Amino acid sequence: MRRKKCFREKFNNKGASVILALVVFLIVAFVAIAIVNAAILNAERTAEERKVEIAYSATTEAIRLIQNCMEDNASFVYDKEYEGQESNSAGTTAVEGMKDELGISVKEMAKAGGGTKNITFSYSGTELLKNAELKGRITMSKDYTITVDVWMENAVTDYPLTLTIPGTAVTVKEDDYLKPKDSNGKFQKKEVTYISWSKDGMYVTSRVKDKNGN
C-alpha cells in the first residue's frame with residue numbers, strides 16, 4: 001500500500017514537471033515570436049523611413065539648385081518694339097541677376113506674359129525608389145510671379161516642394177530714339193515693360209499631406 005502511494009506521488013510530480021516545462025516553452029515561444037515580429041516591423045519602418053529620406057533629400061536639393069540660380073534680385077527689360085534686334089540692347093537683353101539655367105526659361109515666359117515649362121533633375125539614390133523620377137515644373141503667372149514645383153514621379157513616397165519667387169512689373173511709355181521725330185519735333189512713344197523678381201522675398205512651401213489629407 002505504501003509503495004503504491006509513493007508511486008502515485010512520483011507519477012504526479014512527473015506530470016507537473018511536464019506541464020511546467022510546456023508552459024515555459026510556450027512563454028519562450030511567444031517571446032521569440034514577439035521579438036521576430038518587432039524586428040520585422042522595425043526593418044520595414046527603417047526601409048520606409050529611408051525612402052522618405054531619399055524623397056526629401058532629392059526634392060530639397062532640386063529646390064536648392066533653383067534658388068542658387070538667383071544670384072541677386074533679378075530684372076528684365078522687355079522692349080517688344082525692338083525684340084531680337086541687335087540695334088537696340090533692350091530688345092535682346094538677358095535676365096539680370098539670374099543664371100542662364102533659369103534665366104533663359106524665365107525670359108521666354110516673361111515675353112509671353114506667363115507660361116509653364118517642365119524640367120527634369122537627376123539625383124543619386126532615387127534608384128532605390130524603383131521607377132521614380134525627380135521632376136519639376138516652372139510656372140509664371142500673369143503678374144510675373146514664378147513658382148517652381150518639384151516632386152517624385154511614380155514614387156510611393158514623395159516630398160513635393162514649391163518655390164515661390166514674387167514678381168512685379170510696370171509698363172511705361174518711353175521716347176523711341178530710333179524713330180524719326182513727329183511733325184512737332186517730338187519723339188514717338190513705345191511701350192517698355194520693366195519686370196523684377198525678389199530673391200529676398202522667395203520662399204519654399206511643402207505640399208506633403210498629413211494623415212487627415214490636409
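**A strand pair to start**

Tutor: Let's begin with β4 and β5, which run antiparallel and are joined by 8 bridges. Keep in mind that this is a predicted model.

Student: Which residue stands opposite Thr147 in β5?

Tutor: Thr139 does.

Student: And how many residues lie between β4 and β5 in the hairpin?

Tutor: There are 5 residues between the two strands. Tyr144 sits in that turn, with a positive phi of about 75 degrees.

Student: What else pairs with β4?

Tutor: Strand β3, residues 115–120, pairs with β4 over 6 bridges, in the antiparallel sense. In that pairing, Thr120 stands opposite Lys135.

Student: Which residues of β4 are on the covered face, and which on the uncovered one?

Tutor: Leu134, Gly136, Ile138 and Met140 make up the covered face. Glu133, Lys135, Arg137 and Thr139 are on the uncovered face. In general, side chains of a regular strand alternate between the two faces of a sheet.

Student: Arg137 has charge. What does its side chain meet in a salt bridge?

Tutor: Asp149, at 3.9 Å from N to O. Arg137 is in strand β4 (residues 133–140) and Asp149 in strand β5 (residues 146–153), so the pair ties together parts that are 12 residues apart in sequence.

Student: Is Asp149 buried or exposed?

Tutor: Asp149 is buried, because its relative accessible area is 12% and the cut-off for buried is under 20%. Arg137 has 30%, so it counts as partly exposed.

Student: How many salt bridges does a search of the whole structure find?

Tutor: It finds 5. One of them joins the side chains of Asp79 and Lys190, at 2.8 Å from N to O.

Student: Why does that pair tie together parts 111 residues apart in sequence?

Tutor: Because Asp79 lies in the loop between β1 (70–78) and α2 (89–92), while Lys190 lies in strand β8. Both Asp79 and Lys190 are buried.

Student: Where do Lys111 and Glu108 lie?

Tutor: Both are in helix α3, residues 100–111. They are 3 residues apart, about one turn of the helix. Lys111 and Glu108 form a salt bridge, with the closest N and O atoms 3.6 Å apart. Lys111 counts as partly exposed at 22% relative accessibility. Glu108 is also partly exposed, at 45%.

Student: Switching topic. What is the strand order in the open sheet of 4 strands?

Tutor: The order is β2-β1-β8-β7, with antiparallel pairing. The edge strands are β2 (96–98) and β7 (167–176), each pairing on one side only. Neighbouring strands of this sheet are turned by 30 degrees against each other on average, direction ignored.

Student: How many bridges hold β7 and β8?

Tutor: They pair over 10 bridges, in the antiparallel sense; β8 covers residues 188–197. Gly167 stands opposite Trp197 in β8.

Student: Now the inside. Which residues touch the most other members of the largest nonpolar core?

Tutor: Met98, Val106, Met140, Ile146, Val148 and Trp197, out of 34 residues in that core. The elements giving it two or more residues are α1 (2–68), β1, α3, β4, β5, β6 (161–165) and β8. The largest share, 5 residues, comes from α1.

Student: What is Val148 in contact with, beyond its neighbours within four places in sequence?

Tutor: Its contacts include Ile63, Ile66, Ile119, Ile138 and Leu163. Arg137 is in contact with Val148 too.

Student: And Asn131, where is that found?

Tutor: Asn131 is in the loop between β3 and β4. Its relative accessible area is 63%, so Asn131 is exposed. Leaving aside neighbours within four places in sequence, Asn131 is in contact with Glu153 and Asn154. The C-alpha atoms of Asn131 and Met152 are separated by 9.8 Å, and the two residues are 21 apart along the chain.

Student: Last bit. How many helices and strands are there in the protein chain?

Tutor: There are 3 helices and 9 strands. Along the sequence the pattern is α-β-α-β-α-β-β-β-β-β-β-β.

Student: What share of the 214 residues is buried?

Tutor: Buried residues make up 30%. The accessible surface of the protein chain is about 14500 Å², and 54% of it belongs to carbon and sulfur atoms. As for contacts with a separation of 6 or more, residues 24 or more positions apart account for 57% of them.

Note on methods:
Residues are numbered from 1 along each chain as its sequence is written. This is a predicted model: local features need pLDDT of at least 70, side-chain atom pairs count only at pLDDT 80 or more; totals for chains, interfaces and linings use all residues. Side-chain values use heavy atoms; hydrogens and water are left out. Two strands pair if DSSP finds at least two bridges between them. Axes are lines fitted to C-alpha atoms, for helices over the stretch in contact, and angles run from 0 to 180 degrees between N-to-C directions. A salt bridge is a side-chain nitrogen of Lys or Arg within 4 Å of a carboxyl oxygen of Asp or Glu. Buried means under 20% relative accessible area, exposed over 50%, partly exposed in between (1.4 Å probe, protein chains only). Contact means heavy atoms within 4.5 Å. A nonpolar core is a set of buried Ala, Val, Leu, Ile, Met, Phe, Trp, Tyr and Cys residues joined through side-chain atoms within 4.5 Å. Accessible areas come from the Shrake-Rupley method with a 1.4 Å probe; for residues, only the protein chains shown count as cover.
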